[in-house]
Amino acid sequence: MSIQTNLNSIKSQLPEHVTLVAVSKTKPVSDLMEAYQAGQRIFGENKIQEMADKQMQMPKDIEWHMIGHVQTNKVKYMAPFVSLIHGVDRLKLLIEINKQALKHKRIINCLLQIKIASEASKFGLSLEDATALIQSDTFSELKNIKVVGLMGMATFTNDEIQVEQEFNTLKLAFDTLKHFKAPNLKLKTISMGMSGDFKLAIKCGSTMVRIGSSIFGLRNY
Ligand SMILES: *Cc1c(COP(=O)(O)O)cnc(C)c1O
C-alpha cells in the first residue's frame, strides 16, 4: 500500500472535527514528501533534532508537532518553528518554552500531558498537578505560551475496556480543566489515539489523533 493510499484511507475514517497528525518519526524525508504531496500538512516527530533536520529540508507551510518527551535544554532548537508541543508535563518546561518563544517573538501552543496509562513508563501530570499548575501565579505570567489542550497515551494493551477507561479519564480531565480561567489558557484540543486505538479515542472525545504506522508502515528502530 502506498503512503497516499494509507493516508486517504485514514482520512476517510476521521470525522470533520478531528485533526490528523501524521507521525513520521524515524521515516525519511522522501516518505514525508509523499504524504505532503497527498495533501498532508501536519507532521509529528518525537525527537527535537530529527524534527529540526526535517523542517529545514521540507516546505515551509508544514505544521510541526513535537509529540515526544521534551528535554528542557533542547527546547531552543524547535522554538523558531514548532507549532504545537504535545508532551508538556511540568511547569519548569513551560517556563523554558516561554523564554525561548519570547526570543523569537512567538507564542507557542502547548498541550499538557496527562498520565492516564497504568504503565509506570508513561509520562504525564495527574489531574491534581495539572490543576495546580494552571492556577499558579507563575503560569499566568507566561505570556509567550498558550495551553490549548490536553494529550494522553493509553496503556499498550489489547484490553479495550481499559483503554476506553483511560481515554474517558482524559476527557473528564479536559471537562474539569476547561472551566479554569487564565490569559494563556484556552482548552480546545484533546490529543489522543494512535494507529491501533484512534477510533475508540474519537468515540471518547478525541479531537486530534496521532497516527504513524498506519500511514508510513511499521518502524524499524
Ligand atoms: C509513535 C507515536 C505515535 C504513533 O504511533 P503509531 O502506533 O505508529 O500510530 C503517537 N503518539 C506518540 C506520542 C508516539 O510516540
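A polar contact is a pair of N or O atoms within 3.5 Å. This is a predicted model, where local features need pLDDT of at least 70, side-chain atom pairs count only at pLDDT 80 or more, and totals for chains, interfaces and linings use all residues. Residues are numbered from 1 along each chain as its sequence is written, and side-chain values use heavy atoms, with hydrogens and water left out.

Look at Arg 219: one of its polar side-chain atoms lies 2.8 Å from an oxygen atom of the ligand. Gly 212 puts a backbone N or O atom 2.8 Å from a ligand oxygen, and Ser 213 also has a backbone N or O atom 2.8 Å from an oxygen of the ligand.

## Around the ligand

The residues around the ligand (a heavy atom within 4 Å) include Val 23, Lys 25, Ile 67, Met 151 and Arg 210. This shell splits into 6 nonpolar, 3 polar and 3 charged residues, with Gly counted as polar.

## Cysteines

How many disulfides does the structure hold? The count is 0, a disulfide being a pair of cysteine sulfur atoms within 2.5 Å.

Cys 110 counts as buried because its relative accessibility is 0%; buried means under 20% relative accessible area, with a 1.4 Å probe and protein chains only. Cys 204 is buried too, at 7%.

Notes
Polar contact = N/O pair within 3.5 Å; in protein donor to acceptor, adjacent residues only side chain to side chain. Buried < 20%, exposed > 50% of the residue type's maximum accessible area, 1.4 Å probe, protein only.
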